[in-house]
Amino acid sequence: MDFLNTIFTFPTVVFTTLLLIVIGFWVIALLGFADIDMLEGDVELEADAGESIFQMGFGGVPLTISISLSVLISWVISFYSHQLFEYVLGEGVVFYLLGAAVMFGCFVLSIPLTALMVRPLRRFFDSKETASKNEFIGLECVIATGKVTNSFGQAKVQFQGTEQLIEVRCEEENEFKLGDTGLLIEHDETRNSYVVVVKPW
């Protein structure tokens, strides 16, 4: 009962809820109804250095794995912190204020720990990612944005029976508009995007 009381009491209940969502996602993924790379094309949080915030510490593995590990670690830290420091949380407003501080601290601590845990996992995804990037070269794509420039643009490409949304760039700003078909000729590692040109046929 102490275990259940702890995991369903603030602040741990917040991470318990997130953990249940994570577990539900992985059950759906195992059943084949979700892709572990589903967040890669949707999250574009850019840091000052021009690098994704998650890529700074968690790069090299799918975002869903990094988030799942972060939630799990936060939940474990929160559970034990809750049990160890329950007597100092107090009651009423003080309880929620200190509980929120504990919750924030657990999340902050989970970030470097998650970065350490995903590091040995990167080698399992690097070769797959490199192979898929090279295999896109030479494929046709459909422009998914109103325009494509040398710093902006997205396109849809069919690969192994699935449609993927990728970043594309073009030196000539007025070459493409929404719905146009282009040809992928090169992958730019520095910008993590593909060079797209008008089809020669």
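**Close-up views of a five-stranded barrel**

**View 1. The parallel contact between S3 and S5.** S3 and S5 run parallel and are joined by 2 bridges. Val168 stands opposite Tyr194 in S5, and Arg169 has Val195 of S5 opposite. The model shown here and in the other views is predicted.

**View 2. The closed barrel.** The barrel is formed by 5 strands, which close in the order S1-S2-S3-S5-S4 with mixed pairing. On average, and with direction ignored, neighbouring strands of this sheet are turned by 55 degrees against each other. Strands of a sheet pair through backbone hydrogen bonds, in either a parallel or an antiparallel sense.

**View 3. The antiparallel pair S2 and S3.** Strand S2 covers residues 154-159 and strand S3 residues 162-169. The two strands pair over 6 bridges. Val157 is placed opposite Gln164 in S3.

**View 4. The turn of the S2 and S3 hairpin.** In this hairpin, 2 residues lie between the strands. Gln160 takes a positive phi near 55 degrees.

**View 5. The antiparallel pair S4 and S5.** Strand S4 spans residues 181-188 and strand S5 residues 193-198, with 6 bridges joining them. Gly182 has Val198 in S5 as its bridge partner.

**View 6. The turn of the S4 and S5 hairpin.** S4 and S5 form a hairpin in which 4 residues lie between the strands. Asn192, in the turn, has a positive phi of about 50 degrees.

Notes. Residues are numbered from 1 along each chain as its sequence is written. This is a predicted model: local features need pLDDT of at least 70, side-chain atom pairs count only at pLDDT 80 or more; totals for chains, interfaces and linings use all residues. Side-chain values use heavy atoms; hydrogens and water are left out. Two strands pair if DSSP finds at least two bridges between them. Axes are lines fitted to C-alpha atoms, for helices over the stretch in contact, and angles run from 0 to 180 degrees between N-to-C directions.
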